[in-house]
Amino acid sequence: MSHCKAQNVDLSNATLEGVRLPYSLAGWNFSGTQLPPDLHSWNFGGANLTGVDLSEFSGDRLKRLDLTGATLQGARLPWDISRVGFSGADLTGVDLSHCTGCDVDLSSATLKCARLPRKIESWRFHGANLTGVDLSHCRCRNVNFSGATLEGARLPSFLEDWNFQFADLTGVDLSHCRGRNVNLANAKLIGALLPTLPVGEYWDVC
């Protein structure tokens, strides 16, 4: 099938072991499909991967897998998602609580009510939709939420190197938060509860 050109292909519940697919799988439906063991550099951009089990594809088997704009609702993800591109993907309600990794790109992704891991470092949530997400248990460093929607989200008590520039924090409770290098410049803070900072602690809200 590697030479095929097709759109709106339905492979739901199929088994694809040993099958060679074309480079671009945009618009293909893999809902419930059993995928082959080696997914190195496959392009699932825009594909429907609802309910697909990717939990066994950690490490090099997922290296640089492109899931840009893919639908992943109900999908099971592996523990190591380093360098996987989720930009613009729909991860509504997906459980990422067991996931780890560096250089994870979730920019412009939909993560409504998703479960996030306890430790997050250098993940990119730029422009992502994190409405209602519970981050209260997370230890995050160098996390980019610039332009993200965090309406109704729960935040942890300590924030370090968090970038909320141009983010929507409507109704978010920050009153219990402390932190270092927190950037709230041009953020939308309608109805948000801001902390009373101790002497010497500075947040950028300009």
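Student: Contact here means heavy atoms within 4.5 Å. Which residues does Phe86 touch, not counting residues up to four places away in sequence?

Tutor: Leu67, Leu72, Leu77, Ile81, Leu91, Val104, Asp105, Leu106, Ser107 and Ala109. Keep in mind that this is a predicted model: local features need pLDDT of at least 70, side-chain atom pairs count only at pLDDT 80 or more, and totals for chains, interfaces and linings use all residues. Residues are numbered from 1 along each chain as its sequence is written, and side-chain values use heavy atoms, with hydrogens and water left out.

Student: Which residues touch the most other members of the largest nonpolar core?

Tutor: Phe86, Phe125 and Phe164, out of 51 residues. Such a core is a set of buried Ala, Val, Leu, Ile, Met, Phe, Trp, Tyr and Cys residues joined through side-chain atoms within 4.5 Å. Buried means under 20% relative accessible area, exposed over 50%, partly exposed in between (1.4 Å probe, protein chains only).

Student: Which elements give two or more residues to this core?

Tutor: β4 (139-144) and β5 (158-163). Strands are DSSP E runs of at least two residues, and helices are H or I runs of at least four, numbered from the N terminus.

Student: How many helices and strands are there?

Tutor: 0 helices and 6 strands.

Student: How do β4 and β5 pair, parallel or antiparallel?

Tutor: Parallel, over 3 bridges. Strands pair if DSSP finds at least two bridges between them. β5 and β6 also run parallel, joined by 3 bridges.

Student: What stands opposite Glu160?

Tutor: Arg141 stands opposite Glu160 in β5. Glu160 in turn stands opposite Arg180 in β6.

Student: New topic. How many disulfides?

Tutor: The count is 0. A disulfide needs a pair of cysteine sulfur atoms within 2.5 Å. Cys140 is in none, and the nearest cysteine sulfur, that of Cys138, is 4.7 Å away.

Student: Is Cys140 buried or exposed?

Tutor: Buried, with a relative accessible area of 4%. Cys102, at 40%, is partly exposed.

Student: Where does pLDDT stay under 50?

Tutor: Over residues 1-24, for which the model has 47 contacts beyond four places in sequence. pLDDT is the predictor's confidence in each residue, from 0 to 100. Where it is low, the predicted coordinates should not be read in detail.

Student: What is the average for the protein?

Tutor: 79, and 70% of the residues score at least 70. Among the strands, β6 (residues 178-180) is lowest at a mean of 82, and β3 (residues 123-124) is highest at 92.
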